Amino acid sequence: MKPITLTTDRLLLRPFRSDDAEAVHTACQDAGIQRWTEIPSPYTRSDAELFVGTLAPGGWESDTAYNFALVARGTGQLVGALGVSRRVLPGLSEIGFWLVREHRGRGYGTEAVLGAARWAFGSLSVDRLEWRAEVGNTASRALAERAGFRMEGGQRSALFNKGVRRDTWVAALLPSDLGLPSTAPYVPSPAPS
């Protein structure tokens, strides 16, 4: 897929560029980002260059992962990163994100997740967008819930991060949660009696 740029009220969600390497490297020195994401730790300048120059563009080229730099409109400042990855089953994708420390708590993450979700539902024919995070990552969970994701439970040993298997929380957002149509009919199970 050819990389695209999405626009929200305050953000541009655009493909990463080589000149983003320094900002990505600086942001990823944050202990929280290193702890809760699957990025290398320690995170070097070479890691940032590999991500913005090879891995992120490669996902677009292979039509498997769509990584966006979250950039503040007006200032051009990097406020975070967001990725949508296709999964094995048709219509299923996963979303992940991190925010630069100084830009947390301002609603940028929720705004970006909703913008990317609408795009995924409309342009990628996604019928289920999943969010997963290690149990204990309460900030990521709160952001997902603010964006409308419904918690569905947990998965034991579902995340392999820095040589350790960990349990995850799982939530999902459906097109109907945002008032959008699905590509296939959805018949929910009746509530247990």
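Modeller: Strands S7 (residues 150–161) and S8 run antiparallel and pair over eight bridges; strands here are DSSP E runs of at least two residues, helices are H or I runs of at least four, both numbered from the N terminus, and two strands pair if DSSP finds at least two bridges between them. This is a predicted model, where local features need pLDDT of at least 70 and side-chain atom pairs count only at pLDDT 80 or more, while totals for chains, interfaces and linings use all residues. Residues are numbered from 1 along each chain as its sequence is written, and side-chain values use heavy atoms, with hydrogens and water left out.

Back to the hairpin: two residues sit between S7 and S8, and Lys 162 takes a positive phi near 55 degrees there. Along the pairing, Met 151 has Ala 171 as its bridge partner in S8. S8 (residues 164–173) is also joined to S6 (residues 128–134), again antiparallel, by six bridges. Leu 129, for instance, is partnered with Leu 173 in S8.

Now follow S6 to Glu 134. Its side chain meets that of Arg 35 in a salt bridge, 2.8 Å from N to O (a side-chain nitrogen of Lys or Arg within 4 Å of a carboxyl oxygen of Asp or Glu). Glu 134 lies in strand S6 and Arg 35 in helix H2 (residues 31–36), so the pair ties together parts 99 residues apart in sequence. Glu 134 is buried at 5% relative accessibility, whereas Arg 35 is partly exposed at 33%; buried means under 20% relative accessible area, exposed over 50%, and partly exposed in between, using a 1.4 Å probe and protein chains only.
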